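Work through these exercises on charged side-chain pairs. Try each task before reading its solution.

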Amino acid sequence: MTTLQVAPLRQFLADFTRLVQEPHGQTEILAQGSRLLGELIRHDRWLPDEFAQPHPEHYQQYLLYADPLSRFSVVSFVWGPGQKTPIHDHRVWGLIGMLRGAEISQNYARHPDGSLQPEGKPVTLQSGDVEKIAPDVLDIHQVSNVYSDRVSVSIHVYGDNIGAVSRAVYLPDGTEKTFISGYSGSCLPNIWDLSKEKTHD
């Protein structure tokens with residue numbers, strides 16, 4: 001991995017840090033943030049291979065960056081063939097950008113009897129697409145890899161250190177179980193070594 005390859009990620013993190021430093025509300029952060037994420041995922045050579053590795057049994061959630069003030073975090077989700085999440089929530093705002101492959105997201109809403117039912121049609125994200133999520137809108141969904149024969153990778157930005165947020169997974173009857181996801185890997189990409197990018201006389 002070279003720092004030149006991860007330069008787009010470093011630029012994205014700088015731009016997103018400037019964004020959350022301003023006194024913007026959630027709506028503006030999601031609007032401007034979706035444009036920044038869309039620009040990042042237009043290119044597909046910056047994500048180091050070790051943060052795009054699938055697991056044979058379940059999806060992977062690799063931390064790429066966590067803001068030291070927990071204002072946002074950036075994660076690569078790696079979907080093996082046919083893999084999907086349980087029905088779950090986030091409890092913070094989020095952006096999902098499709099880097100490789102495609103995924104399907106089905107929103108759920110709670111009905112008067114307490115059960116969860118699909119809300120609206122499934123949303124398919126193709127490479128380059130960005131979707132917004134917010135805890136005050138439809139925050140409960142299930143996500144799956146479109147493909148049964150290949151890996152898909154999406155880049156997620158959340159309004160907290162998502163691996164440390166107490167959230168919930170749901171059964172169809174509405175029963176919920178709290179969880180804290182953590183992360184799949186134990187290291188972060190080195191985006192700060194600029195030595196190889198400097199020109200020498």
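A salt bridge is a side-chain nitrogen of Lys or Arg within 4 Å of a carboxyl oxygen of Asp or Glu. The model is predicted: local features need pLDDT of at least 70, side-chain atom pairs count only at pLDDT 80 or more, and totals for chains, interfaces and linings use all residues. Residues are numbered from 1 along each chain as its sequence is written, and side-chain values use heavy atoms, with hydrogens and water left out.

**Exercise 1.** State how many salt bridges a search of the whole structure finds.

Solution. The search finds eight.

**Exercise 2.** Characterise the salt bridge between arginine 18 and aspartate 15.

Solution. Start with the distance: the closest N and O atoms are 2.8 Å apart. Last, check accessibility. Buried means under 20% relative accessible area, exposed over 50%, partly exposed in between (1.4 Å probe, protein chains only). Arginine 18 is partly exposed at 48%. Aspartate 15 is partly exposed at 25%.

**Exercise 3.** Is aspartate 67, the salt-bridge partner of arginine 71, buried or exposed?

Solution. The N to O distance in this bridge is 2.9 Å. Aspartate 67 has 4% relative accessibility, so it counts as buried. Arginine 71 is partly exposed at 25%.

**Exercise 4.** Trace the network that includes aspartate 89.

Solution. Aspartate 89 bridges to arginine 91, with the closest N and O atoms 2.9 Å apart. Aspartate 89 is buried at 3%. Arginine 91 is partly exposed at 36%. Salt bridges with shared partners join Asp89, Arg91, Arg110 and Glu176 into one network.
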